[in-house]
Amino acid sequence: MGDTSRLCSVFVGSETGILKGVSLSRKQAFNFCNTSHLSRDQEVRALCWGDPAESELLVGSVDGTVKTFSTEKGAFTETRRCGDPAEGCFTGLAALSGSALVTCVECGTLRVWREDSSEPVTELDAGKNVCRMRQNPVHRHRVGTGGKENGLKIWDLERPEKPVFTAKNLRDDWLDLRRPHWVRDMAFIPDSDKVVTCTGYHQVHVFDPSSPQRRPVLEVEYGEYPLTALSLPAGGNTVAVGNTHGQIALLDLRKGVVRGCLKGLAGGVRGLQCHPSQPVVASCGLDRFLRIHSLEDRKLQHKVYLKSRLNCLLLSSRDLEAGGGAAGEAGSQQVKEEEEGEDDEVWDAMERVEETPKRKTTEEEEEEEEEEEDLQKKKSKKKKKRKKGQE
């Protein structure tokens, strides 16, 4: 199992509680779980790396447990209780230095856990109906939270008494009516203090905590359906967003215009992540496919069917198509990759068979002769009637 897990460059969490690893170089996928004890309580809702070397993977489940998966051993090495299922599902996981863990649930409780303690060392309330918690990749002690009627808040976990930044509600519309807000996902823009969010009202907002303005400094609308996920490419000048109808678009954060769209999806997008160094974006969702698109020409590079509805994904920082070692087969399941054009090649390679006309039986020939005689009799009768009428 350790050989197979080291091959995988993409990890995906499913509704059935299975952690799936995909090797794009070998065109294989593997299930890392005990299939005899699967249940909906183990549904995977959050994934994150446990260390900078990416040797450990943290998996957050619906039942409130966080499992540690070792990519070196290819097995789960630890399970710890980090919440109550009554508080809601995990909306985010993050790892801090010193083996500390940050968890956030839907009810808004954000906790910091130490490895040697069963009780949280820090606990704060981020407000109700939290949909997402994200960690700042540079300043790892800072996290952002947001949800339905719960605006963006940025927290410093070293000073958790109050948020460092709290977004102000949007201005009223042209009828002086209050505009609702619903933060679904967020990301910290590199080399700046800005934060970009997407909402359930098909909006993309950019906030700048360094400025005195607490309302968005940029507001863009895309499509007509709720946005569910976003991710920033390596450049940082664009953002990839996905919605509930399987549409993914690249938006320019400087001008607020759509740069292009990615095609081929058939279900709502739940997970979206751009590679930190390569110009590719990975997506997964309700149609059970993992897709890898190029950000340069926006073409589909890989499409893998994974049999279950997918909730989240996590990319390795190394080259996605780089292989490493021989893959074992014990306890793993291989999933074939579907590529465009395979069906056409199969049909072109098949030998063409032409149908030969069937030989008629004597009974069929006699029936046809009788029908022809009847037709001739009818024609002759019509001619006789015409002659009598002319006379």
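1. The side chains of Glu219 and Arg179 meet in a salt bridge, at 2.5 Å from N to O, where a salt bridge is a side-chain nitrogen of Lys or Arg within 4 Å of a carboxyl oxygen of Asp or Glu. Because Glu219 lies in strand E19 (residues 218–221) and Arg179 in the loop between strand E15 (165–166) and E16, this pair ties together parts that are 40 residues apart in sequence; helices (H or I, at least four residues) and strands (E, at least two) are DSSP runs, numbered from the N terminus. Glu219 counts as partly exposed, at 36% relative accessibility, on a scale where buried means under 20% relative accessible area, exposed over 50%, and partly exposed in between (1.4 Å probe, protein chains only).

2. On the basis of the note: this is a predicted model, in which local features need pLDDT of at least 70 and side-chain atom pairs count only at pLDDT 80 or more, while totals for chains, interfaces and linings use all residues. Residues are numbered from 1 along each chain as its sequence is written, and side-chain values use heavy atoms, with hydrogens and water left out.

3. As to the overall make-up, the protein has three helices and 28 strands, and buried residues make up 47% of its 391 residues. Of the contacts in the protein with a separation of 6 or more, 46% are accounted for by residues 24 or more positions apart, a contact meaning heavy atoms within 4.5 Å.

4. The count of salt bridges comes to 14. One of them joins Arg134 to Asp185, with the closest N and O atoms 2.9 Å apart. Since Arg134 lies in strand E12 (residues 130–135) and Asp185 in strand E16, the pair ties together parts that are 51 residues apart in sequence. Arg134 counts as partly exposed at 32% relative accessibility, whereas Asp185, at 1%, counts as buried.

5. Strand E16 (residues 183–188) is mostly covered, with five of its six residues buried, and E16 pairs with strand E17 (residues 195–199) in the antiparallel sense over five bridges, two strands being paired if DSSP finds at least two bridges between them. Within this pairing Phe188 stands opposite Val195 in E17. The hairpin of E16 and E17 has six residues between the strands, and in that hairpin Asp191 takes a positive phi near 60°.

6. A further salt bridge is formed by Glu15 with Arg40, the closest N and O atoms being 3.2 Å apart. Glu15 lies in the loop between E1 and strand E2 (19–23) and Arg40 in the loop between E3 and strand E4 (44–49), so the pair ties together parts that are 25 residues apart in sequence. Glu15 counts as buried at 8% relative accessibility, while Arg40, at 52%, counts as exposed. Glu15 and Arg40 are also linked with Arg270 and Arg309 in a network of salt bridges.

7. Turning to the rings, the count comes to eight aromatic pairs; rings of Phe, Tyr and Trp (its six-membered ring) pair if their centres lie within 6.5 Å, and planes under 30 degrees apart count as stacked, over 60 as edge-to-face and the rest as tilted. Phe11 and Phe32 form a tilted pair, at 6.4 Å centre to centre and 45° between the planes. This pair links distant parts of the chain, with Phe11 in strand E1 (residues 10–14) and Phe32 in strand E3 (residues 28–32), 21 residues apart.

8. Lys67 has its place in strand E6 (residues 65–70). A colleague may wish to look at this residue, as Lys67 is buried yet has no salt bridge, and the nearest side chain of opposite charge, Asp63, is 5.9 Å away; Lys and Arg count as positive and Asp and Glu as negative, while His and the chain ends are not counted. Not counting residues up to four places away in sequence, Lys67 touches Gln42, Leu57, Leu58, Val59, Ser61, Phe76, Glu78 and Thr79.
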